[in-house]
Amino acid sequence: MNWTFSIPAILIFILLFCFSLTSFYFFFRLVLGLHKLKDRNLRLEIFPKEPTETELELFFSPLERTIHWLPTIASLSMLLGLLGTVIGINSAFGAMETQGKVSLEVLAGGIKDALNTTIVGLLVAIPSLYFHRYAENKIRYISELLVKDFSNSDETP
């Protein structure tokens with residue numbers, strides 16, 4: 001298989017690789033931090049008394065700001081994949097025009113770039129959306145645990 005790509009496709013691959021690393025970084029940073037909060041003693045150390053709505057909002061605000069980057073990364077990745085598709089198809093038609101004939105050999109390079117950038121864009125976007133949903137549900141779970149911690153302590157004498 002020929003692993004040569006056009007310059008625009010290579011630039012798109014580099015951007016998508018950076019987006020992929022960023023997505024994984026945000027996800028693992030969030031999950032490791034939220035995993036620590038499963039421990040009731042740590043939660044009670046952070047909030048020794050029942051937190052107000054404002055305190056909870058201030059606590060979860062940085063986490064929510066971080067997870068909102070994940071759908072942005074997913075959207076940009078899909079759009080970069082689409083841009084690679086358009087550039088690849090455009091180069092395929094440009095090569096066809098230059099050669100003055102229609103053949104698979106002439107179209108193959110541009111079509112290859114188009115398909116590969118689309119595939120890589122989706123390979124970055126799909127996990128990013130999954131990471132977003134997973135982290136969003138973990139934040140919701142931790143906030144429910146905080147509510148339970150203090151609702152149970154109110155009932156016991």
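The largest cavity holds about 30 Å³ of space, a cavity being a set of points on a 1 Å grid over the protein atoms alone where a 1.4 Å probe fits but cannot get out. Its volume is the space filled by probe spheres set on the points, which are joined across faces, edges and corners. The model is predicted, so local features need pLDDT of at least 70 and side-chain atom pairs count only at pLDDT 80 or more, while totals for chains, interfaces and linings use all residues. Residues are numbered from 1 along each chain as its sequence is written, and side-chain values use heavy atoms, with hydrogens and water left out.

Who lines this cavity? Lining residues have an atom within 4 Å of a point, and here they include Ser6, Pro8, Ile12 and Asp113.

Next come the pockets, open sets with protein on both sides within 12 Å along at least five of seven lines. About 270 Å³ lies in the largest pocket. Helix H3 (53-67) and H5 each give at least two lining residues, and H3 provides the largest share, six residues. Among the lining residues are Glu53, Phe60, Glu136 and Arg140.

The second largest pocket comes in at about 160 Å³. Its lining takes two or more residues from each of H1 and H3, with Arg29, Leu34 and Phe59 among the lining residues.

Note on methods: Helix = DSSP H or I, 4+ residues; strand = E, 2+ residues; numbered from the N terminus.
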